[in-house]
Amino acid sequence: MLYYSLIDISEVDESCVFTLCENIKRHFKDISCFVRKESACARMLLCDILFKEYSEYDFLVDNEENGKPYIVNKKIFFNISHSGNYVLCAFGDENVGCDVEIINTYNDKVVNRFFTVSEQKVLNSSNKKDVDFTRLWTLKESVLKFTGSGVGGGLSSYDFSEYVQKDDFNAYGLNFKVIESSDKIISICSQGNRILQRKADTKDIFDEKGEKS
């Protein structure tokens, strides 16, 4: 089973974030991820999940050679993403990739560079280009984050033209789930069958308690 948590950090005080992060930095081998508020909040969300869902208080997050973070010596998988004021973490007992994006304005240059010919045709005939453009982008990002190859792994290697209107589907041996709202789109992929939402309380995460271990 896989889960995801999404939080809105628009009202979270930046100074509070960096103060609380001092309590969790020892869990991360690479502390450069704490430089930006959004990235730091994503790590705090991950720790909240590990503390509350797994009762894990003694763990270390390191990066694979390709840069994808993982939890050392634990069979817990996760992937994080952030866009605007939204921070997303997908997690569970198997590999997972996820992406959240604020709905972006259709961009010809990006489409011509990273989208397949079939995807370009779908977008050209779309009556909601911004939404479909963002859906396709998040799907591509999620699978590249699943493999750990990142954008350099070839966004145009994957074609989601026939799935742009689908919220749940299977492609490339993976199961995909798309969650669309008025201002953002989330895409999550894994080899599992079900992806469920795990509610997260932003105020509780950033309540200045911080130290859980």
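Ser55 follows helix H2 and has a positive phi, near 50°. Helix H2 spans residues 37–54; helices (H or I, at least four residues) and strands (E, at least two) are DSSP runs, numbered from the N terminus. The model is predicted: local features need pLDDT of at least 70, side-chain atom pairs count only at pLDDT 80 or more, and totals for chains, interfaces and linings use all residues. Residues are numbered from 1 along each chain as its sequence is written, and side-chain values use heavy atoms, with hydrogens and water left out.

**Confidence**

- The protein chain has an average pLDDT of 92, where pLDDT is the predictor's confidence in each residue, from 0 to 100.
- A score of at least 70 is reached by 95% of the residues.
- Residues 209–213 stay under 50.
- For residues 209–213 the model has eleven contacts beyond four places in sequence; contact means heavy atoms within 4.5 Å.
- Where pLDDT is low, the predicted coordinates should not be read in detail.

- H2 has 18 residues and reaches 25 Å from its first C-alpha to its last.
- That is close to the 26 Å expected at 1.5 Å a residue; the expected span is 1.5 Å times one less than the number of residues.
- H2 is mostly covered, with 14 of its 18 residues buried. Buried means under 20% relative accessible area, exposed over 50%, and partly exposed in between (1.4 Å probe, protein chains only).
- Ser39 sits in H2 and is buried, at 10% relative accessible area.
- The Ser39 side chain reaches the backbone oxygen of Cys33 at 2.7 Å. A polar contact is a pair of N or O atoms within 3.5 Å; within protein, one must be able to donate a hydrogen and the other to accept it, and residues adjacent in sequence count only if both atoms are side-chain atoms.
- Beyond its neighbours within four places in sequence, Ser39 is in contact with Cys33 and His82.

**Cysteines**

- The disulfide count is zero, a disulfide being a pair of cysteine sulfur atoms within 2.5 Å.
- The cysteine sulfur closest to that of Cys41 is in Cys21, 6.9 Å away and too far for a bond.
- Cys41 is buried, at 0% relative accessibility.
- For Cys98, the closest cysteine sulfur is in Cys89, at 6.8 Å, again too far for a bond.
- Cys98 is buried, with a relative accessible area of 0%.

- E7 (residues 168–171) and E8 (residues 174–180) pair in the antiparallel sense over four bridges. Two strands pair if DSSP finds at least two bridges between them.
- Asp168 stands opposite Lys177 in E8.
- E7 and E8 form a hairpin with two residues between them. In the turn, Tyr172 has a positive phi of about 55°.
- E8 also runs antiparallel to E9 (residues 184–190), joined by six bridges.
- Phe176 stands opposite Cys189 in E9.
- A hairpin through three residues joins E8 to E9.

**Strand E2 and Asn63**

- Asn63 lies in strand E2, residues 61–63.
- Asn63 is partly exposed, with a relative accessible area of 31%.
- Leaving aside neighbours within four places in sequence, Asn63 is in contact with Asp30, Lys68, Pro69 and Tyr70.
- Asn63 and Val122 are 59 residues apart in sequence. Their C-alpha atoms are 36 Å apart in space.
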